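Subject: Model for you to look at

Hello,

Here is the model you were waiting for, with the sequence alongside. My notes follow below.

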Amino acid sequence: MGRVPNVTRADAQAALRNPLAFIAARWTPDPRTVRRAALAALVMSVVIVVTGGAVRLTGSGLGCPTWPKCTEDSLTTTSEMGLHGVIEFGNRLLTYVLCAAVGWAIVAARSQKPYRRSLTLLGWTQFWIVMGNAVLGGIVVLVGLNPYTVAAHFLLSSALIAVATVMWQRTREGDAEPRPLVGKAVQQLVWFLVAASVLLIAAGTVVTGAGPHAGDSSEVPRMPLDWETVTKLHAVLAWIVVTLTFALWFVLKAVDAPKEPLARTRELFLILLAQGVIGYVQYFTDLPEVLVGAHMFGSCVMWIWVLRVLLSLRERPGPALQPSAVPAQEPATSASIAGPR
């Protein structure tokens with residue numbers, strides 16, 4: 001059995017004052033560990049969206065009729081609440097798994113040497129989005145699944161996915177000034193693609209809010225809009241995104257762009273085609289729950305790849321890409337922390 005290191009009173013006080021600095025002074029994660037932590041947070045941000053969709057599609061939106069407890073008298077679901085209560089409470093529990101994944105990403109980023117403030121800030125941004133969305137999720141339940149709050153809940157989840165995607169990408173880059181790999185005209189085209197994708201996702205929430213899947217077996221108010229009209233608008237926006245993606249791929253080929261932007265654009269185009277097939281099949285088959293869930297998952301994947309296309313337009317070399325670089329540590333909070341490990 002190895003020798004247990006002595007923990008002084010100063011160590012304990014330092015750990016209480018700043019636990020992240022205390023861990024960072026004693027642990028230097030491998031760059032792959034930081035990347036995996038960021039990827040875990042991204043994966044969980046998608047999982048929570050898909051399971052949230054399952055809550056709605058199974059009519060379990062009010063399986064736990066109040067918040068933060070499941071019922072007025074119980075923190076957890078009860079046998080009387082049946083399967084709907086289990087599904088809704090299970091989705092709430094997954095929020096803690098998401099928090100753990102984001103927390104791991106924050107700790108790993110904070111402990112990396114040399115210290116990268118930008119990565120840590122991205123991790124904390126995810127944390128506060130998760131906290132805000134948890135509160136918003138509670139409001140959704142308390143107002144009886146009002147469709148506008150449900151739409152806001154999904155859009156905030158999309159913001160979480162965006163930040164998690166950026167952090168995952170940044171773990172594989174350095175901190176030098178970004179160097180563009182394509183011209184300004186191509187960059188502007190990609191920004192048009194990003195804007196159209198945001199509109200597409202927002203229109204999707206309106207389709208959901210006006211559509212038949214209310215999220216609960218009882219009557220839940222819907223958005224006072226014609227569902228057929230908003231669905232057709234959503235389809236038009238989808239075709240705009242597909243057209244912009246194809247145009248981008250054509251332009252990148254014409255200007256002999258680097259491999260990375262071309263590969264990401266080609267992948268996005270294939271994802272959009274698959275998403276379009278699912279969308280049209282679900283429309284003409286009266287929205288079977290399985291296909292609606294698959295379409296929600298595809299929406300998350302599409303959004304990630306749109307951002308990956310945007311981020312592939314530049315490169316950021318730097319010390320973070322060189323694991324052999326000498327660690328640059330921050331000042332320790334106590335003499336014992338500054339000592340040998």
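Is Asp256 buried or exposed? Asp256 counts as exposed, at 69% relative accessibility; the cut-offs are under 20% relative accessible area for buried, over 50% for exposed and partly exposed in between, with a 1.4 Å probe and protein chains only. Asp256 is in the loop between helix 8 and helix 9, and has a positive phi of about 55° although it is not a glycine.

Some ground rules before the rest. This is a predicted model, in which local features need pLDDT of at least 70 and side-chain atom pairs count only at pLDDT 80 or more, while totals for chains, interfaces and linings use all residues. Residues are numbered from 1 along each chain as its sequence is written, and side-chain values use heavy atoms, with hydrogens and water left out.

Overall layout

The protein chain has 11 helices and two strands. Both kinds of element are DSSP runs numbered from the N terminus, helices being H or I with at least four residues and strands E with at least two. From the N terminus on, the order is α-α-α-α-α-α-β-α-α-α-α-β-α. Of the 341 residues in the protein chain, 46% are buried. Taking contacts (heavy atoms within 4.5 Å) between residues at least 6 apart in sequence, 78% join residues at least 24 apart.

Cores

A nonpolar core here is a set of buried Ala, Val, Leu, Ile, Met, Phe, Trp, Tyr and Cys residues joined through side-chain atoms within 4.5 Å. The largest one has 63 residues, and the members that touch the most others are Ile161, Leu248, Leu268, Met302 and Trp303. Elements giving two or more residues to this core include helix 3 (31-57), helix 4 (82-111), helix 6 (147-170) and helix 10 (289-311). Helix 10 gives the most, with 11 residues. Leaving aside neighbours within four places in sequence, Leu268 is in contact with Leu193, Thr245, Met302, Trp305, Val306 and Val309. There is also a second, separate core of nine residues, with Leu57, Met223, Val230 and Leu287 among them.

Helix packing

For the pairs below, axes are lines fitted to C-alpha atoms, for helices over the stretch in contact, and angles run from 0 to 180 degrees between N-to-C directions. Angles under 35 degrees count as roughly parallel, over 145 as roughly antiparallel, 65 to 115 as roughly perpendicular and the rest as oblique. A crossing is left-handed if the near helix is turned anticlockwise from the far one by less than a right angle, and right-handed if clockwise. For residue classes, Ala, Val, Leu, Ile, Met, Phe, Trp, Tyr, Cys and Pro count as nonpolar, Asp, Glu, Lys and Arg as charged, and the others, Gly among them, as polar.

The axes of helix 6 and helix 10 come within 10 Å and cross at roughly 40°, so helix 6 is oblique to helix 10. The crossing of helix 6 with helix 10 is right-handed. Residues of helix 6 in this contact include Phe154, Ile161 and Trp168, and those of helix 10 include Met296, Trp303 and Leu311. The contact of helix 6 with helix 10 has 11 nonpolar, four polar and one charged residues.

Helix 7 and helix 8 have axes 9 Å apart, at an angle of about 160°, and are therefore roughly antiparallel to each other. Helix 7 passes helix 8 in a left-handed crossing, and their contact has 23 nonpolar, five polar and no charged residues.

Helix 8 and helix 9 pack with axes 10 Å apart at about 155°, and are therefore roughly antiparallel too. This crossing of helix 8 and helix 9 is left-handed, and the contact divides into 16 nonpolar, three polar and three charged residues.

Individual residues

Arg92, in helix 4, counts as buried at 13% relative accessibility. Leaving aside neighbours within four places in sequence, the contacts of Arg92 include Cys64, Trp67, Pro68 and Val141. Pro68 lies in the loop between helix 3 and helix 4, and the peptide bond from Trp67 to Pro68 is cis, with omega near 5°. Another cis peptide bond joins Lys113 and Pro114, with omega about -5°; Pro114 is in the loop between helix 4 and helix 5.

Leu145, in the loop between helix 5 and helix 6, has a positive phi of about 60° although it is not a glycine. Leu145 is buried, with a relative accessible area of 6%.

Regards
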